[in-house]
Amino acid sequence: MTLPAQLQLAYYITIALTGLIGNTTTIFVFSQRRLRSLRSSFFLTCLAITDLIFILILVVALLDELQIPIMTAPVCTLTIYFSHIASFLSSNFTLAYTTHRLIAVFFPMKSTTFLKQRTNRFLALILLTFASIFYSMSFPVTTTTLRSNTTNVVYCEEDRHNKLLFPFLFFDTLFTFIIPFTMITCMNLAIVYKLQGKFAYVRKTSTMPQSTNSSGQSASDSVQSSQMNSNNNNSETHCLVHQHNRSLLAVRPTDQYKSGSNRFAPSITPPQRRTSMYYTNTSFRIRSTQCRATASAKTTKMLLAASTVFLVFNLPYHLLLFCFLFNQHQPPWMLNAVNIARLWFFASFCVNFFVYAICGQRFRNEVVRLFSCLVICRYFNIRNQSKSQDRQDSIYLSHRLKPSSLTRLSQSN
């Protein structure tokens with residue numbers, strides 16, 4: 001093989017190994033209970049499964065490149081069929097979680113009613129059913145020719161003389177490239193515009209000294225009024241306690257004992273304690289709301305980065321394929337550009353793990369926890385195996401030493 005072929009083979013091996021490890025880890029991490037509360041975790045898990053299927057198809061092509069007789073006629077047709085489905089689902093799952101983020105950013109109060117796991121599963125089932133039915137058109141379009149008469153290995157390609165090929169590729173480009181990419185781009189721009197508007201509003205409110213003074217005056221006024229109210233409430237409670245003591249002096253001792261022995265009667269909390277509990281509850285609510293807003297902003301940034309990386313890695317290849325549909329005479333430079341863009345396109349199926357790990361703190365923590373648990377379990381397994389091996393060796397040595405000891409005893413006698 002020549003040097004570019006060797007580099008291409010090394011690139012395929014790197015993509016395959018990285019995709020297998022990264023997508024498998026992503027599936028395990030997003031299946032954890034700590035990340036199930038993330039509304040887009042279901043589509044991210046489905047996207048990781050889709051990428052893993054495409055990586056397995058790439059492994060089959062890599063084995064065929066290494067001259068392993070694996071590309072038979074059924075494997076050829078199934079490879080093309082599942083590659084079309086994986087490409088379609090990858091684009092539309094990215095569109096789905098981008099739509100989730102758009103709803104969460106523009107309609108945060110109504111996002112919990114719209115973004116439910118039942119709705120996500122129903123939408124994923126619809127996409128999978130549509131892809132399975134529509135891409136069954138790839139079976140009559142795919143042709144196979146035997147490489148030799150001695151083996152069942154075939155050359156796998158699409159029949160250019162078939163009349164169904166052009167409408168099939170046109171609708172495939174429409175569903176996989178034009179509609180999802182246009183909507184993802186528009187949604188990303190809308191999310192960025194909304195986030196910039198929020199940041200500008202926060203900066204504007206933080207740089208206004210008059211508003212801070214007025215808010216400080218209003219806060220001091222509210223504190224003074226709360227102190228006056230608490231003083232009035234203290235005086236009222238003092239009067240009530242004095243009247244209650246006088247009433248206890250007026251009744252008989254048995255009634256006083258009965259009223260004092262009722263320990264399970266509901267006690268009246270003082271108003272000052274009620275006001276302090278109210279302020280603590282409101283402070284806890286404000287803190288929890290701020291934590292949720294911070295977590296939502298971090299999730300939005302992570303998913304925005306993931307969808308942008310998806311566009312960058314997939315746009316050149318799909319754009320060149322779209323040009324190929326309407327240009328029957330392709331120049332040589334365009335074929336070379338398609339081969340280079342195909343390599344760039346294959347990398348999109350293993351890059352999501354790195355995007356999640358760089359931009360998502362919760363994802364990164366779960367990955368560290370998962371690998372640490374694996375290392376600890378592996379350590380204890382090795383330790384238990386060594387202990388069991390030592391125990392077996394000691395039992396074996398004891399069984400071997402028993403006859404010799406018996407012979408020594410017999411000789412001494």
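Helices (H or I, at least four residues) and strands (E, at least two) are DSSP runs, numbered from the N terminus. By that rule the protein chain holds 13 helices and two strands.

This is a predicted model, in which local features need pLDDT of at least 70, side-chain atom pairs count only at pLDDT 80 or more, and totals for chains, interfaces and linings use all residues. Residues are numbered from 1 along each chain as its sequence is written, and side-chain values use heavy atoms, with hydrogens and water left out.

## The chain as a whole

A residue is buried if its relative accessible area is under 20%, exposed if over 50%, and partly exposed in between (1.4 Å probe, protein chains only). Contact means heavy atoms within 4.5 Å.

The protein chain has 413 residues, and 29% of them count as buried. Take the contacts between residues at least 6 apart in sequence: 78% of these join residues at least 24 apart.

Two packed helices are described by the angle between their axes and the distance between the axes. Here, axes are lines fitted to C-alpha atoms, for helices over the stretch in contact, and angles run from 0 to 180 degrees between N-to-C directions.

| Helix pair | Angle | Distance between axes |
|---|---|---|
| α2 and α3 | about 155 degrees | 9 Å |
| α3 and α5 | about 150 degrees | 10 Å |
| α2 and α5 | about 30 degrees | 9 Å |

The angles sort into classes: under 35 degrees is roughly parallel, over 145 roughly antiparallel, 65 to 115 roughly perpendicular, and the rest oblique.

Start with α2 and α3, at about 155 degrees. That angle makes α2 roughly antiparallel to α3. A crossing is left-handed if the near helix is turned anticlockwise from the far one by less than a right angle, and right-handed if clockwise. The crossing of α2 and α3 is left-handed. On the α2 side, the residues in contact include F43, L47, F54 and V60. On the α3 side, F82, A86, F93 and H100 are among them. Ala, Val, Leu, Ile, Met, Phe, Trp, Tyr, Cys and Pro count as nonpolar, Asp, Glu, Lys and Arg as charged, and the others, Gly among them, as polar. By class, α2 and α3 meet through 14 nonpolar, six polar and one charged residues.

Next come α3 (residues 73-106) and α5 (residues 117-134), at about 150 degrees. That makes α3 roughly antiparallel to α5. Their crossing is right-handed. From α3, the contact includes Y81, I85, F88 and N92. From α5, it includes N120, A124, L127 and F130. The classes here are 10 nonpolar, four polar and no charged residues.

That leaves α2 and α5, at about 30 degrees. That makes α2 roughly parallel to α5. S41, F42 and F43 of α2 touch Q117, N120, R121, L123 and A124 of α5. This contact has four nonpolar, three polar and one charged residues.

I55 lies in helix α2. Is I55 buried or exposed? I55 is buried, with a relative accessible area of 0%. Leaving out residues up to four places away in sequence, I55 touches I15, A16, G19, L20, N23 and F349. I55 and A86 are 31 residues apart in sequence, and their C-alpha atoms are 9.7 Å apart in space.

## Two salt bridges

A salt bridge is a side-chain nitrogen of Lys or Arg within 4 Å of a carboxyl oxygen of Asp or Glu. The count by this rule is two.

One joins the side chains of D64 and R147, at 2.9 Å from N to O. D64 is in helix α2 (residues 41-65) and R147 is in the loop between β1 (142-146) and β2 (154-158), so the pair ties together parts that are 83 residues apart in sequence. D64 counts as buried, at 15% relative accessibility. R147 counts as partly exposed, at 34%.

Another joins E366 and R369, at 2.7 Å from N to O. These two sit three residues apart in helix α13 (residues 361-412), so about one helical turn separates them. E366 is buried, at 7% relative accessibility. R369 is partly exposed, at 35%.

## A positive phi

Most residues other than glycine have a negative phi, and most peptide bonds are trans. Q67 is not a glycine, yet has a positive phi of about 65 degrees. Q67 is placed in the loop between α2 and α3. At 71% relative accessibility, Q67 counts as exposed.
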